[in-house]
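Me: I am new to this structure and would like to know what the terms used for it rest on. Please show it before we start.

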Amino acid sequence: MMPQNTGKIFLKSLFDFEENKKIFTSFLSDDINTIKEAVEFISKYLRDPKEKRSWHRINAKLLPIVLIFLKGISEPVLSNRIMIHFRRVAEEEGQRMNMEDLESALNSLGLEAELDANDDLISVSLKDYVSIAGKISGSTYHLIYQDLRSGRVFLDKDHALKVLREHFYSRMRLYYEKIPLEEVISLTKSYSVDMEKIKDIYTKTLGKIDFGFGAVDSDKFPPCIREYIRQVSDGVNIPHLARLTLVSFLRAVGMPNEKIMEIFRTAPDFNESITEYQVNHITGKTSGTKYSPPKCETLQSNHLCYKGDDALCAQEWMKHPLTYYRTKKRESLKKRS
Ligand code: SF4
């Protein structure tokens with residue numbers, strides 16, 4: 001049974017940094033175990049990311065604290081993965097709710113949900129539905145197939161859960177993006193050693209994919225590739241050219257197709273056979289043509305360059321994402337020797 005208030009605490013507690021800062025500070029003096037538990041939560045994920053099911057029933061007050069630590073650790077891929085984990089937890093928690101609790105959970109996320117007890121349906125405003133439905137994959141969720149009455153969309157439980165999941169995830173991401181890093185650094189000062197340890201384990205494990213003849217270092221990927229991975233993990237349906245660039249880049253740096261599939265597997269509503277077909281096609285396994293990643297110029301003209309203020313991308317000679325990767329690899333080899 002879903003803990004009576006957990007759903008609300010779980011959802012509500014996440015999105016107010018000022019409030020969470022107070023909670024964090026009070027934990028430092030009165031409930032240090034919760035802080036330790038948050039650090040342990042991240043470490044446990046790193047040690048055993050596949051064993052998510054066994055530790056998904058987590059303490060609700062832990063979540064904002066975990067997000068604060070993740071911000072401080074500043075490893076975007078790790079943060080994404082854990083947030084996707086929370087997204088799944090939100091859906092699982094929702095599954096255990098009755099319709100009344102589900103209505104209340106949706107409301108606690110800021111959606112003006114209303115329960116229609118006669119039909120056992122929950123309605124949300126058309127505006128809210130349209131903004132959320134685009135993130136749910138599957139044509140069943142298109143507006144045209146919905147039960148629309150007087151400006152409201154009526155949802156059965158399964159559908160309401162998807163709305164809960166996506167809205168929760170968007171709010172969590174927004175909250176995470178807005179957490180001020182400087183404040184987190186000062187707030188978590190006494191945990192800097194633990195955070196460094198986590199960072200270190202991350203770079204040696206999830207941050208690096210070893211495929212037997214060298215290593216693919218994701219921390220050496222150019223910003224565009226990192227951004228595509230981030231978006232895929234966020235469940236964004238990335239444009240065709242970005243997908244082609246991502247897959248062909250990963251193949252070019254030596255990643256086998258199964259590992260490339262793993263990246264797409266983190267995406268919500270991942271479709272194994274479609275992804276397998278696309279990956280095998282781009283990498284030449286089924287098409288006979290190995291596609292190469294496009295040049296920076298092409299990506300830039302298609303608004304798919306995310307160089308920001310990256311110093312290497314700013315070099316006049318930086319013309320290709322693979323040049324970026326090779327340069328970074330060379331630099332790190334030089335440092336080691
Ligand atoms: S400059 Fe090139 S390598 Fe750098 S982010 Fe843009 S497209 Fe990618």
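Reply: What follows goes through the terms one at a time.

Reply: This is a predicted model, in which local features need pLDDT of at least 70 and side-chain atom pairs count only at pLDDT 80 or more, while totals for chains, interfaces and linings use all residues. Residues are numbered from 1 along each chain as its sequence is written.

Me: What makes up the secondary structure of the protein chain?
Reply: The protein chain has 16 helices and 6 strands. Helices (H or I, at least four residues) and strands (E, at least two) are DSSP runs, numbered from the N terminus.

Me: How do you know that β1 pairs with β2?
Reply: Two strands pair if DSSP finds at least two bridges between them. β1 and β2 (residues 121–125) are joined by 3 bridges, so they meet that definition. They run antiparallel, and D116 stands opposite L121 in β2.

Me: Why does one side of β1 and of β3 have no neighbour in the sheet?
Reply: The open sheet of 4 strands has the order β1-β2-β4-β3, with antiparallel pairing. β1 (114–116) and β3 (147–149) stand at the edges with a single partner strand each, so one side of each is left without a neighbour. From one strand to the next, the twist averages 35°.

Me: What describes the packing of α5 and α8?
Reply: Two packed helices are described by the angle between their axes and the distance between the axes. For α5 (residues 76–95) and α8 (residues 157–178), the angle is about 145° and the axes are 9 Å apart. Axes are lines fitted to C-alpha atoms, for helices over the stretch in contact, and angles run from 0 to 180 degrees between N-to-C directions.

Me: Which residues of α5 and α8 meet?
Reply: Among them are M83, F86 and A90 in α5, and L161, L164 and F168 in α8. Contact means that C-beta atoms, placed from the backbone, lie within 7 Å. By class, this contact has 9 nonpolar, 3 polar and 4 charged residues. Ala, Val, Leu, Ile, Met, Phe, Trp, Tyr, Cys and Pro count as nonpolar, Asp, Glu, Lys and Arg as charged, and the others, Gly among them, as polar.

Me: What surrounds the ligand?
Reply: The residues around the ligand include P222, C224, L299, K307 and Y324; a residue is near a molecule if its C-beta atom, placed from the backbone, lies within 6 Å of it. The shell has 11 nonpolar, no polar and 1 charged residues. α11 (223–233), α15 (296–301) and α16 (321–336) each supply at least two residues of the shell.

Definitions and conventions
Two residues are in contact if their C-beta atoms, placed from the backbone, lie within 7 Å.
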